Amino acid sequence: MTQPPLKLPDSGPSSHALPDGRLVAPSAERNAAPIFERLAEYVPDHGMVLELASGTGQHIAALAGMYPDVAWQPSDASDERMDSINAWRAHTGADNLRDPVLLNASKPWPDFPDFRLAYVVNLFHLIPQQDVVAVIRGAAGALATGGHFFIYGPFRTDGTFRSEGDARFHASLTAQNPLIGYKDLEWVEAELCAAGLSIVAVHELPANNLVIVAQKPA
Ligand SMILES: C[S@@+](CC[C@H](N)C(=O)[O-])C[C@H]1O[C@@H](n2cnc3c(N)ncnc32)[C@H](O)[C@@H]1O
């Protein structure tokens, strides 16, 4: 059965569209600077980078401008998101920002050229556990040896929420779909290892978010 769209803090009128079709999500504006600061440690000096669940496309459009020697590949499972990503692409005019691809990352992945970095922002808490496993396996298969998988979002640690607000957000998600919600950091780490990746770092980011970084062994 198809699930209705999730109600998220930014899915209401607080997400707005610019006249040229670019969608702007306030959460993506807020978290961009701390994410970009951390991501900088893992952006290769050349080659391809894949963004999963690009959403509006505003993150990858900014990154393509910051790193012109890297090819940036946006993707999302939603056909509707392609329009906004394309509008951001047209707005930046960056040659190194590829056409977005429709990619449900929890389904079998197409053959991609090897990525030196794959990153995902705010997806894992929105999909069921078995879909997270599929995303991790897909990313592990698409990475070049030595490539990194960078995962940003809210997580529990050993079943404990990092704040009251996180517990409330998780409850609001499971009320909409009992299969989704926050994942345990330790479980994600174990799945990354089971997919053949090694854990490189776990970073604390503002608003109780974490970044988990794994690497495909050389
Ligand atoms: C909360 S938004 C995050 C978007 C963007 N990363 C950001 O930080 O603004 C979640 C996005 O995940 C996409 N999505 C949901 N399930 C997906 C899946 N299985 N594979 C790829 N994208 C997915 C949705 O279409 C939506 O654009």
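Reader: At what angle do the axes of helix α1 and helix α2 cross?
Author: Roughly 40°, and the axes of α1 (residues 26–39) and α2 (residues 58–66) come within 10 Å. That makes α1 oblique to α2, since oblique is what's left after under 35 degrees (roughly parallel), over 145 (roughly antiparallel) and 65 to 115 (roughly perpendicular). Keep in mind this is a predicted model, where local features need pLDDT of at least 70, side-chain atom pairs count only at pLDDT 80 or more, and totals for chains, interfaces and linings use all residues. Residues are numbered from 1 along each chain as its sequence is written, and side-chain values use heavy atoms, with hydrogens and water left out.

Reader: Which residues of α1 meet α2?
Author: Ala28, Glu29, Asn31, Ala32, Ile35, Phe36 and Leu39 do, against Gln58, His59, Ala62, Leu63 and Met66 in α2 (contact means heavy atoms within 4.5 Å). By type, the residues of that contact are eight nonpolar, three polar and one charged.

Reader: New topic: which residues touch the most other members in the largest nonpolar core?
Author: Leu52, Trp109, Phe124, Phe149 and Leu192, out of 32 residues. A core here is a set of buried nonpolar residues (under 20% relative accessible area, 1.4 Å probe) joined through side-chain atoms within 4.5 Å.

Reader: And which element gives the most to this core?
Author: α4, with six residues.

Reader: What is Phe124 in contact with, leaving aside its neighbours within four places in sequence?
Author: Val132, Val135, Ile136, Phe149, Ile151, Phe155, Gly181, Lys183 and Val188. Apart from this core lies another, of 26 residues, including Val43 and Tyr119.

Notes:
Axes are lines fitted to C-alpha atoms, for helices over the stretch in contact, and angles run from 0 to 180 degrees between N-to-C directions. Helices (H or I, at least four residues) and strands (E, at least two) are DSSP runs, numbered from the N terminus. Ala, Val, Leu, Ile, Met, Phe, Trp, Tyr, Cys and Pro count as nonpolar, Asp, Glu, Lys and Arg as charged, and the others, Gly among them, as polar. Buried means under 20% relative accessible area, exposed over 50%, partly exposed in between (1.4 Å probe, protein chains only).
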